[in-house]
Amino acid sequence: MLSYRHAFHAGNHADVLKHFVQIQLLDYMNQKDTAYTYIDTHSGAGVYALDGGYASKNAEYETGIGPLWERKDLPKPLAEYVNLVKELNPSGKMRYYPGSPYCADKVMREHDRLRLFELHPADSKILADNFRKVEAHAAAQGERPSARGRRVLIERGDGFHALKTLLPPPSRRALVLIDPPYEDKQDYRKVRDALEDALVRFPSGIYAIWYPVLQRMESRQFADKLKRLAAKDWLNVTLTITTPGPDGFGLHSSGMFILNPPYTLEPTLRQIMPYLVQVLGKNADATYVLEKGTQVTGTASARTGANGALRMPVGNARKASPTSGTGSLRLPGQAPAGTPGAAGAPARAPGAKRSSIAAAAAGKSARPTEAGVTRKSARPAQGDTAGKSARPSGPRNSGPRRPS
């Protein structure tokens with residue numbers, strides 16, 4: 001578990017999706033004056049060097065932040081994310097990439113609190129060093145915190161266990177980001193179990209979960225299992241940049257699953273995801289899936305498509321588990337949502353959103369799917385030995401995948 005280093009994967013397409021969604025959620029939390037707590041269960045090193053060391057070996061950032069760096073047509077929400085990365089690179093050259101802790105620190109307000117956890121010893125030390133340098137820089141500029149207490153607390157430890165001690169937060173407002181490496185298949189179960197407990201302790205919190213879309217069974221079933229959790233609403237978005245190879249290696253698709261999402265997130269994603277497909281996609285199989293729903297129980301839960309029409313589970317799905325919400329319930333052997341061109345894929349509701357490069361280029365409507373469908377500045381030290389996130393893509397010695 002401790003062999004994974006996120007520096008190999010920093011800035012790739014999965015990081016773009018994760019950090020863009022993270023910033024949108026933080027912006028929403030900032031709309032209310034009341035302070036909130038941001039909890040990052042798998043924080044990594046905070047900042048990663050792209051021009052040397054681990055990140056330069058596979059140069060995965062060329063599948064993500066790279067193609068976006070010089071774009072002049074960025075939609076406003078996406079430009080906010082890219083500008084945050086550029087603030088970390090004042091020379092104008094793309095040398096450093098921010099992990100989720102750095103993104104949170106720059107978007108959150110002074111009276112909000114960050115609670116960061118990282119189990120990898122090297123990355124935990126780099127993370128703490130980076131934040132000490134940020135604080136030292138602020139002090140040198142004459143900046144003094146006006147709020148009481150420590151704004152940022154960093155702990156080397158198990159973020160899953162930490163949720164039990166931090167929820168509910170004093171202000172009753174929190175955003176939790178869960179982003180384990182998924183090297184160990186038990187991570188899928190740990191995420192689900194941690195969320196079940198967290199929703200009992202703090203049912204109104206916003207929970208954002210990054211996950212890889214892989215061929216392994218645990219990954220294929222993951223989103224459907226999250227749809228059954230006892231949250232009021234959920235939203236699931238996946239980004240696929242190309243068709244997986246025959247050997248199944250490499251990370252070609254990833255997702256963000258949000259429990260209790262803000263109402264602003266879905267329309268923003270509907271605006272941004274087609275653009276990401278067009279710019280980051282490698283071929284005509286690049287696509288995205290966006291679906292939303294509510295937690296439903298029962299043995300044959302009805303679903304509604306994007307056009308609001310009532311739809312029942314397909315075929316043997318009636319006999320399958322009580323999937324909640326409007327997401328897809330796959331039959332045995334079916335490919336996961338977000339995998340393009342999969343045989344035996346479930347029926348899709350008319351009018352639902354799916355995008356592809358071909359559709360974007362032709363200006364035609366995207367293929368339907370069954371979707372239910374801002375900062376402080378100071379450059380911390382770059383963590384080249386960064387860690388975390390499961391996005392298998394590089395050589396085996398780089399460890400399986402996962403962006404920060």
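This text walks through a predicted model, from the whole chain to one strand and then to its salt bridges. Residues are numbered from 1 along each chain as its sequence is written, and side-chain values use heavy atoms, with hydrogens and water left out. Because the model is predicted, local features need pLDDT of at least 70 and side-chain atom pairs count only at pLDDT 80 or more, whereas totals for chains, interfaces and linings use all residues.

The protein chain has 11 helices and 13 strands, where helices (H or I, at least four residues) and strands (E, at least two) are DSSP runs numbered from the N terminus. Of the 404 residues in the protein chain, 58% are buried; buried means under 20% relative accessible area, exposed means over 50%, and partly exposed lies in between, with a 1.4 Å probe and protein chains only. The accessible surface of the protein chain comes to about 16100 Å², and carbon and sulfur atoms account for 52% of that surface, the areas being computed by the Shrake-Rupley method with a 1.4 Å probe, and with only the protein chains shown counting as cover for residues.

Strand β1, which spans residues 37–40, is covered on both faces: Thr37 and Ile39 on one side are buried, as are Tyr38 and Asp40 on the other. Strand β1 pairs in the parallel sense with strand β4 (residues 113–117) over four bridges, pairing being assigned if DSSP finds at least two bridges between two strands. In that pairing, leucine 116 of β4 is the bridge partner of aspartate 40. Strand β1 also pairs with strand β6 (residues 174–178), again in the parallel sense and over four bridges, and here tyrosine 38 stands opposite leucine 175 of β6.

The structure holds 17 salt bridges, each defined as a side-chain nitrogen of Lys or Arg within 4 Å of a carboxyl oxygen of Asp or Glu. One of them joins lysine 227 to aspartate 224, with the closest N and O atoms 3.1 Å apart, and both of these residues are buried. Another links arginine 216 with glutamate 218 at 3.3 Å between the closest N and O atoms; arginine 216 is partly exposed, with a relative accessible area of 29%, and glutamate 218 is partly exposed at 27%.

Arginine 270 and glutamate 266 form a salt bridge whose closest N and O atoms are 2.9 Å apart. Because these two residues are four residues apart in helix α10 (residues 265–280), about one helical turn separates arginine 270 from glutamate 266. Glutamate 266 is buried, with a relative accessible area of 15%. Elsewhere, salt bridges that share partners join Asp15, Lys18 and Asp179 into one network.
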